[in-house]
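Please examine the sequence and the model shown below.

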Amino acid sequence: MLAAVLAAACTSPPPPPPPDPLVVEKPFTGERVPQSLDVRDATGRVVGEEARPVLAYLPRLDLPPVGAPSPVEGAVRQTFAVPPKFRGVPLRVKRRYRHEGDLHWKRLPPTLMPATGEQLAVDFPLDESIDRAGLEFLASVALIKPEIKQSFRNLHVPRGAVLIGGYGLDPESAALTRGPVGFRITARVEGAEFVLLDATVDPRAPDAESWTDYRIDLGKFEDRDIDVEMHAAVRGGAGTQNVAAPVWSVPRILAAKPADDRLNVVLISIDTLRADFVGVYGHDRPTTPILDQFAATGALFERTVTTYPSTTASHMSMLTGLYPAVHGVYAPGHRISPKILPLAEQLAKSGYQTAAITEDGMLAAGVGFPRGFADYREYKEEPGPDGYAGDVVQTAIDWLTRHHGQRFFLFLHTYQVHGPYTPPRAYDVFKTYTVDGVERSVGDDTPEDVRARLGYEGDLLYTDAQIGRLLATLDELGEAERTLVVVTADHGEALGEHGIMGHGWYVNEPVLHVPLMLRAPGRVRSGLRIAPPVSLVDVTPTILDLARVPPAGQMQGISLAPLLTGEGQAPPPDRVVHAEKASRVGKAVTVARRGDVKWVVKSDGVMRYDLASDPGEDRGIAEGADGEGARLVAAYDAANAEFRARFGESGPDQAPVDDATKARLRALGYIP
């Protein structure tokens, strides 16, 4: 009986080919609408916890102060100069203050004020407990646009086209709105007008705090040219104040394209995951059964080196293919150069639907991470006792379900294994440890670093299970066979080695060595283990190569695809990769890695380690300033200078960091 079933299975017809994917038709937005979200020029808006590129935005300006502040009842009044274009119209005024010498501004609620002349007197209500001496005040104003109207002419509607996008209220101005806001999309063809969308948002309703998505079938206009108008304005009776701030996310027309060899992409970054706690990398506890099976069906790189032992800089390297000394983004206050093309932007330009789901903190939107993402979702509030991983993955599953059948790029980031190491109760299962060959149970005398390791293992086990849910969804949706999945981390974590805990200031292997695993059925050979050192700067060029998307930006990383497919020019086996870090005393440190040899180069000396014979980095050998390690770092510095000259300097200017992000950073231990 079994033989007959097997014979029938072998002779059954092959499954039907997948439907043609829906890809973004770029002619809809053309050159008139920003294709990326760059917070510097305000082409994007955050509604709820999602940042999206928008059609129209509120021009913003920091006003210069005039004269000294003066006390008024319950407040301090500061006068500001108002430029001509901001006079005679309603202004939304954002108010901040700080004491001289403070790094961060404190915020007050925005207010609506008319600018009737050359100056604007702004009151800053302050609690009586606040010392008034040495205060600085900042007023940022935005023109209130109560009405948005955008027209697109002569749009050709291809086969199977749909119009997608979203609408909402600018959250910083929604509280000032005095009436419901209407959103309307119409199409005109051959003199006839068709209403495609007619909706109203009440600023007092709970759903006003998030984007509302729409998906409109354009089948009735197939193979015809249409004009589309998008209009949003306050609705209401007499006396309604016209001060709303509606926003449209950049709309896109998706159309079916003949299937080609391009792959969907899912990139998963598990923050703070050191490679040696993953089973397939040699860990002796069952922390990652899902990832171990994933690696068995794909490939892994045994020696992947981060570029920087902290989240912001390393993620920017992962998503741009550039070392930190070039992209210049080390912390949430820095900004990426507009000349640099991140991975999401390159894929978006090739017709991909793009989304990111992150846990905020060091991946704050102001850095420029949202560039290229049609949706950039941040979890900003303090997580519950089980962390965010389950919510992040569920949001990813929901997004994948909505975008099934489209060509997509999804970036997923979770802090679940980051300190303070408090796994959900069901996954807090590692309760023993070994000392001198003897297994012991956790007790009052258990060292803190051991407790941290056990909690870290439990958080990793939980994260592994959540990734399993995501991979299962790809299977259920029929997308697994045409999706490249990459799993990696931004940096690792010291858990007691050499008496240190954490990351950020250290360049020992538990912090620099991260996992890198890939699966692309039919493209990446299964079961591969690749030994030569590689870098996080290689992630973006490798994804583009495997997805068959021509690179559009300049990168320092190289494609690792030849090592995975057996086709093309493989990287040289003696290639050198690098890492950087600052130090608590302001001295820079640069690492060079070639094979099993690692150099740590500081201003006061060079140490050389042979990791094959000394994996714990206990027996470093000092080298002179004219030694090989110093020469390798000098060559690295010269290459970075050449790349910086191409892109222009970036990073030293400070972007605003909102209060929710500061709270998240504080909870993660990054700021006091």
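At what angle do helix α7 and helix α8 pack, and how far apart are their axes? This is a predicted model, in which local features need pLDDT of at least 70 and side-chain atom pairs count only at pLDDT 80 or more, while totals for chains, interfaces and linings use all residues. Residues are numbered from 1 along each chain as its sequence is written, and side-chain values use heavy atoms, with hydrogens and water left out.

Helix α7 (residues 389–402) packs against helix α8 (residues 448–476) at about 5°, and their axes lie 9 Å apart. Axes are lines fitted to C-alpha atoms, for helices over the stretch in contact, and angles run from 0 to 180 degrees between N-to-C directions; helices (H or I, at least four residues) and strands (E, at least two) are DSSP runs numbered from the N terminus. The two helices α7 and α8 are therefore roughly parallel (an angle under 35 degrees). On α7 the contact (heavy atoms within 4.5 Å) involves A389, G390, V393, Q394, A396, I397 and L400, and on α8 it involves Y462, Q466, R469, L470, T473 and L474.

L470 also belongs to the largest nonpolar core, which has 91 residues; L470, L267, I268, F409 and L484 have the most contacts inside it. Such a core is a set of buried Ala, Val, Leu, Ile, Met, Phe, Trp, Tyr and Cys residues joined through side-chain atoms within 4.5 Å, where buried means under 20% relative accessible area with a 1.4 Å probe, protein chains only. Helix α8 gives the most to this core, with seven residues. Beyond its neighbours within four places in sequence, F409 contacts several residues, including V265, L267, Q353, A355 and W399.

Strand β22 runs parallel to β24 (residues 408–414), joined by five bridges, and Q353 stands opposite F408 of β24. Pairing requires at least two DSSP bridges between two strands. Four bridges join β22 to strand β23 (residues 375–378), also in parallel, with I357 opposite R377.

Elsewhere, an open sheet of three strands is antiparallel, in the order β5-β6-β9. Strands β5 (65–72) and β9 (119–125) are at the edges with a single partner each, so one side of each has no neighbour in the sheet. From one strand to the next the twist averages 20°. Five bridges pair β5 with β6 (residues 75–81), and V66 has T79 in β6 as its bridge partner.

Conventions:
Angles under 35 degrees count as roughly parallel, over 145 as roughly antiparallel, 65 to 115 as roughly perpendicular and the rest as oblique. Buried means under 20% relative accessible area, exposed over 50%, partly exposed in between (1.4 Å probe, protein chains only).
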